[in-house]
Amino acid sequence: MKLTKQIQTAVKVLENSGLVAFPTETVYGLGADANNEVALRKIFAVKERPLNHPLIVHLARLEQMVDWAKNIPPAALLLGQIFWPGPLTLVLNKQSGVLDLLTGGQKTIALRVPRHPIAQKLLQAFDRGIAAPSANKFTHISPTTAAAVFEELDDEVDLILDGGDCEVGLESTILDLSTEKPTILRPGMISAQAIEHALGTAVYYANGEPTSRAPGMHHLHYAPRTKTILIETSDIVPLLVLLKKENLPAALLINSEMELPAIEGLDVIKMSQDAEHYAHDLYFTLRELDHQHYRQIFIENVPQGEAWVAIHDRLKKASFSPKHSTSL
Ligand code: TXA
Ligand code: MG
């Protein structure tokens, strides 16, 4: 089917309270009409997601912000102008009339203008807000290809728009502008520093916030089903020495330049040393490894620094800490 025809079909599905999975530049979203309570309930049912986890409303353009938010601070306009369309979500005070189901009963609403051409075409054709969490079951890895959406949701979604693999590969940066201090609720590939630079003021990380306001800080979020362990570079050689037969076969993701001896049953996967490439490949790689019946997946920790913050955040969520694990 041609793209324009597919978009027309997708709009009809949305108008009839259906669900459309669509590509964004971050990950695939599971979309529903953000003004339709019946459709929104389907999102929660299909994802098996608790109702108090609010959704992001996707918009075609910045000007639609006023339909969803009030008391909009100048910072929102500025960041929207600089980073939209793109992988930044802004949390603002919600406009009256916004459905409670979207916001988890909170007074704030999360908004984002994605830049993937198919997301843009869909949003322009629908011309209203589309609520879209990542198109995976609650706590699973977000899908970065149409095949991964199919694997997660199969016939529980009315239509999947295939836009190839997602350019960024990690979920958007979420910035809360509803309070005095701009606060990052979820790090993404738009860094705190890039936002600080744009605003000319400090940006904060949300430490110690309750999970409903600190998304993605949920224990074991974005996790592969295979037991996954994050290890420091200096622990890799000791790990190889101590690796027991019952823990094999295993996979080891490394990103440093290490020459490791071949060990039967251990597959070593070299990840990129460039943060953007690493982010692009991470979920895809974890999903592939999850299919391989490994007993464990070991992941070498990534470097420190601004470019790696979001990746480090996702790795921590995908893994157990070896300090709490006795089965190395
Ligand atoms: O990149 C993305 O953001 C992707 C694509 C599809 O746009 N979407 C995504 O949605 O990651 P989801 O639902 O998987 O994650 C959205 C996060 C949730 O953890 C939720 O708690 C948080 O956004 N959120 C939504 N509304 C919020 C609000 N009003 N205040 C605080 N956090 C909010
Ligand atoms: Mg998600």
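Arg49 lies in the loop that links helix H2 (37-47) to strand S3 (56-58), where helices (H or I, at least four residues) and strands (E, at least two) are DSSP runs numbered from the N terminus. The model is predicted, so local features need pLDDT of at least 70 and side-chain atom pairs pLDDT 80 or more, while totals for chains, interfaces and linings use all residues. Residues are numbered from 1 along each chain as its sequence is written, and side-chain values use heavy atoms, without hydrogens and water.

The relative accessible area of Arg49 is 16%, and the residue is therefore buried (under 20%; exposed is over 50%, partly exposed in between; 1.4 Å probe, protein chains only). Leaving aside residues up to four places away in sequence, Arg49 touches Phe44, Pro54, Leu55, Pro133 and Phe138, a contact being heavy atoms within 4.5 Å. The side chain of Arg49 also reaches the backbone oxygen of Pro54 at 2.7 Å. Asn136 is 87 residues from Arg49 in sequence, yet their C-alpha atoms are 9.9 Å apart in space.

Strands pair if DSSP finds at least two bridges between them. S4 runs parallel to strand S8 (residues 173-176), to which four bridges join it; Leu90 has Leu175 as its bridge partner in S8. Four bridges also join S4 to strand S5 (residues 108-112), and these two run antiparallel. Here Val91 is partnered by Ala110 of S5.

How values were computed: Chains lettered and ligands numbered in written order. Polar contact = N/O pair within 3.5 Å; in protein donor to acceptor, adjacent residues only side chain to side chain.
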